[in-house]
Amino acid sequence: MYLKKFLPLLLILSLLMAMPDTSAQKSKSKTKAKGKTTVISDETRQQSALFADALRDFYAGNYESAESGFRKVLAKDAKNDAVYFMLARIRKEGKNYSGASYYLNEAIKLDKSNVWYKVELAEIYDLMEDYKAAAKLWEEICKLKPENEYYLFSLSEDYISLEEYTKVIDVYNKLEVLEGYNEEITNAKVSIWLYLNDIKNAVGEYDKLIKEFPYEPLYYVQAGNICQSNNLSEKALSYYQEALKLDPNNTMANMAMANHYLSTNDRQAAYQSLLKAFADSQISIDDKLPFLKSYFSKAMKNPSNETISQCKQLAQIICEAHPDRVEGWATMASLYMTEKKYDQARKYFDSAISIDKSSYALWEDYFYCLSQQQDYASMVSQGKEVLELFPTNAVMLYNIAHAYYFVKDYNKAIDLLQQAAVYSYDNNLLANIFNVLGDCHKELGHKEEAVKNWKTAQQKGLNTQDKIKQLGD
């Protein structure tokens with residue numbers, strides 16, 4: 001803070017300003033041939049020494065001793081504004097803000113021109129959450145120091161607390177005069193205008209930037225986005241088109257156009273815009289994922305060569321632009337699985353799982369893919385790691401147990417199936433668990449156990465009558 005930075009200088013200056021006033025009343029003058037020399041009295045020296053000692057105590061954190069010293073000075077010089085300031089600092093350190101405000105007001109009465117006292121008092125009012133009093137004081141300070149950005153920001157914060165948003169805009173405008181156009185300030189002003197439901201002025205903030213920087217596509221896009229979000233599609237389109245005239249391959253402009261086309265259900269035009277935008281690795285994948293999810297949802301609900309092909313192309317571009325993110329790889333794997341192209345799906349699942357091994361949904365789809373390939377050995381091999389991740393998941397236990405059944409490790413399958421039965425509360429899953437348990441016991445020659453488990457499976461809703469009858473025969 002400015003005050004902390006300049007406090008030592010402030011105190012020295014305040015001391016120098018305060019002490020001559022006292023000495024002027026009590027000092028003796030000697031007249032010489034070439035002028036007059038002011039003699040500082042012993043009393044003034046004593047006051048200076050007391051003040052200096054109290055100041056040292058203050059900075060050493062000995063506030064009680066410091067206050068005692070400052071009050072001794074005050075007893076000798078009741079109009080010493082620097083002492084009142086330091087007493088306020090002591091109250092502030094003790095979080096006694098009302099006491100600090102009292103002493104600061106006393107200091108200001110004695111030295112109305114001292115801006116540092118007013119700054120400290122304004123900050124005290126802010127700490128007291130008396131934003132009205134603080135704002136009034138910051139207004140005065142900003143008039144005295146109109147080019148100080150810190151003071152303007154402090155004033156704007158109080159206006160925000162008071163919900164006087166148009167006054168906040170006025171302060172931000174003054175900051176722009178000092179700093180030039182600043183993206184953060186512009187965005188803040190736009191947010192305020194939108195909060196006030198003033199779309200015209202919100203767009204107008206970007207119109208100012210467009211006027212100042214007519215060859216910057218971003219400002220056209222930002223203005224268009226406000227229009228698009230507020231049902232002004234035609235006006236939004238004109239801004240986007242201007243941006244693309246300046247830069248046909250501009251990523252943000254193409255993504256904005258895609259969003260516009262999707263709002264009018266022109267998916268083909270949106271797709272062409274996204275092809276240009278998705279390849280830019282500098283644009284966050286989080287900005288791209290809503291579009292990818294939209295095309296993926298369409299491909300899943302209405303699978304066709306066109307919907308699947310478009311989604312694949314977008315997902316593949318994301319894989320290339322953001323190879324360390326799982327979303328592109330997982331989307332490609334799911335699309336291939338939808339087409340029952342399990343070899344290709346498996347390759348993408350391998351990449352996705354290497355990035356995110358903690359996703360249950362990925363492992364579940366991956367194991368389905370392996371089961372469709374009848375690659376039970378891989379399921380068993382991978383299952384060891386998966387069971388460490390999901391040791392109580394009944395579905396995963398069942399899937400891996402089933403794989404052990406197919407590789408003829410019946411005892412391991414039985415162990416996992418029994419665990420799955422403990423964690424499952426779904427009758428359909430329990431029916432399948434007991435059915436495979438029966439199959440395992442049959443292979444091990446445990447006829448009674450086999451029949452027992454098949455009967456339990458039948459009670460859960462699965463028809464195992466043929467198995468029971470065949471083993472009985």
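**Exercise 1. Decide from its relative accessible area whether Thr186 is buried or exposed, and then list what Thr186 touches.**

Solution. Thr186 has a relative accessible area of 2% and is therefore buried, where buried means under 20% relative accessible area, exposed over 50% and partly exposed in between, with a 1.4 Å probe and protein chains only. This is a predicted model, in which local features need pLDDT of at least 70 and side-chain atom pairs count only at pLDDT 80 or more, while totals for chains, interfaces and linings use all residues. Residues are numbered from 1 along each chain as its sequence is written, and side-chain values use heavy atoms, with hydrogens and water left out. Finally, not counting residues up to four places away in sequence, Thr186 touches Glu176, Glu205, Tyr206 and Leu209, contact being defined as heavy atoms within 4.5 Å.

**Exercise 2. Describe the surroundings of Leu155 in sequence and in space.**

Solution. Leu155 is found in helix α8 (residues 149-161), and with a relative accessible area of 5% this residue is buried. Once neighbours within four places in sequence are left aside, the contacts of Leu155 are Ala135, Trp138, Glu139, Cys142 and Val171. As for distance, Leu155 and Lys167 are 12 residues apart in sequence, and their separation in space is 9.4 Å, C-alpha to C-alpha.

**Exercise 3. Determine how helices α16 and α18 are oriented to each other, and which residues make their contact.**

Solution. Begin with the geometry: α16 (residues 285-301) and α18 (residues 326-338) pack at an angle of about 5°, and their axes are 11 Å apart. The axes are lines fitted to C-alpha atoms, for helices over the stretch in contact, and the angles run from 0 to 180 degrees between N-to-C directions. The two helices are therefore roughly parallel to each other, given that angles under 35 degrees count as roughly parallel, over 145 as roughly antiparallel, 65 to 115 as roughly perpendicular and the rest as oblique. On the α16 side the contact is made by Ile285, Leu289, Leu292, Phe296, Ala299 and Met300, and on the α18 side by Glu327, Thr331, Ser334, Leu335 and Thr338.

**Exercise 4. Classify the ring pairs Phe51 with Phe70 and Phe349 with Tyr366.**

Solution. The structure holds 24 aromatic pairs, counted where rings of Phe, Tyr and Trp (its six-membered ring) have centres within 6.5 Å, with planes under 30 degrees apart called stacked, over 60 edge-to-face and the rest tilted. For Phe51 and Phe70 the ring centres are 5.4 Å apart and the planes stand at 65°, so this pair is edge-to-face. Because Phe51 lies in helix α2 (residues 42-59) and Phe70 in helix α3 (residues 63-76), the pair ties together parts that are 19 residues apart in sequence; both residues are buried. For Phe349 and Tyr366 the centres are 6.0 Å apart and the planes at 50°, so the pair is tilted. Here Phe349 belongs to helix α19 (residues 342-355) and Tyr366 to helix α20 (residues 360-372), so that parts 17 residues apart in sequence are tied together. Phe349 is buried at a relative accessible area of 1%, and Tyr366 is buried at 2%. Ring pairs also link Phe349, Trp363, Tyr366 and Phe367 into a cluster.

Key
Helix = DSSP H or I, 4+ residues; strand = E, 2+ residues; numbered from the N terminus.
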